[in-house]
Amino acid sequence: MSGSWTEAMRAGDFERAWAINDRDLTMVAYPPKHIGPRHLQRIWRGDDLKGKDVLVRCYHGLGDTIQFLRFMRPLRDIARRVTVWCQGELLPLVERAAGVDRALALHEGVPDLDFEVDIEIMEVPHAIRSRRDQFEMRAPYVSLPSAGDPNLPRYGMAVGLVWDVGDWDKRRAIPAALLRRLAIAGVTLYSLQRGAKAGELAEIGASDISTPDIAALGHLLQRLDLLICVDTMVAHLAGALGCEAWVLLHADCDWRWPSDEAHSLWYPSLRLFHQRTLGNWDVVLAQARTALVGRSGGLLQRVV
């Protein structure tokens, strides 16, 4: 994406972003659909979606699918039927989302169904010319299947932690040892980090409650008082559920986050903490610690 498109999206100037996308559709010679790595494929080529049986392909990350799931309702307002071909882990969430008629698990082959038009999920807001009010989240748009209420024995405030990411952009990861700074009086720390090592948990002072089940993870987020995490899927899940989360961002953060603001148009329950120098997490953790001291103290006063 061009820099001007990034600037338009960060500024919430969506009409300008769509104009840039329109220009790209007319000027760029795309390869045939479904050729090459899926996350690089351009699926939608300007086809009319009105009254059509639409297949939505989820070819990016889990967090991307969760973030753009909000656009299925406005897509369904114009389409005849919406089928979402999504990552299997997300089926329990996607099949319950407003605007989704069918949800199928993504696989390496081709979907075994008929459709008239297909589109990648991150192309949907451009295709339907989404307005600012369709970006802004007025209420949680993800719901969870029923499950037992997770038991979190704790003293004071329960805070979940996620500090590592996949291989896509390791600049987003934080060394586990730095999170020890969040171990303060009145706070019980829990690790939601999948695959965390025993040494990391001991160094941080956190109990492991991680799970590969995303619906179960959602229920844990709803039980916690706060999530503190890096820019990864769990941030989007917390935001989509309306759970309070603090997201620690590296200096050259992704286009979906404002460059220096503390709040996100996408998720009102999230607070953003930005690196000022690429690779230096010390100031970010110091700010988060100060905020956590204030947040936990306020909670304890209310409990007392």
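Colleague: Why is helix 10 called largely enclosed?
Modeller: Buried means under 20% relative accessible area (exposed is over 50%, partly exposed in between; 1.4 Å probe, protein chains only). Nine of the nine residues of helix 10 are buried, so the rest of the structure largely encloses it. Among them are Met233, His236 and Leu241.

Colleague: And what makes helix 9 largely enclosed?
Modeller: Seven of its ten residues (the helix runs 214–223) are buried, so the label holds there too. The buried residues include Ile214, Gly218 and His219. Their cover includes helix 3 (62–68), helix 5 (91–94), strand 8 (226–230) and helix 10 (233–241), where contact means heavy atoms within 4.5 Å.

Colleague: Why does His126 count as buried?
Modeller: His126 has 8% relative accessibility, so it counts as buried. His126 lies in helix 6 (residues 124–127). Leaving aside residues up to four places away in sequence, His126 touches Trp18, Asn21, Asp22, Leu25 and Trp44.

Colleague: How do you know that the chain is as compact as a globular protein of its length?
Modeller: Start with its makeup: eleven helices and ten strands. The radius of gyration is 20 Å, close to the 19 Å that the globule rule gives for 304 residues, so the chain is as compact as a globular protein of that length. The radius is taken over C-alpha atoms, and the rule is 2.2 Å times the number of residues to the power 0.38. Of the 304 residues, 51% count as buried.

Colleague: How confident is the predictor, and over which residues is the pLDDT below 50?
Modeller: On pLDDT, the predictor's confidence in each residue from 0 to 100, the chain averages 92, and 96% of the residues score at least 70. The pLDDT is below 50 over residues 300–304, a stretch with three contacts in the model beyond near neighbours in sequence. Where pLDDT is low, the predicted coordinates should not be read in detail.

Definitions and conventions:
Residues are numbered from 1 along each chain as its sequence is written. This is a predicted model: local features need pLDDT of at least 70, side-chain atom pairs count only at pLDDT 80 or more; totals for chains, interfaces and linings use all residues. Side-chain values use heavy atoms; hydrogens and water are left out. Helices (H or I, at least four residues) and strands (E, at least two) are DSSP runs, numbered from the N terminus.
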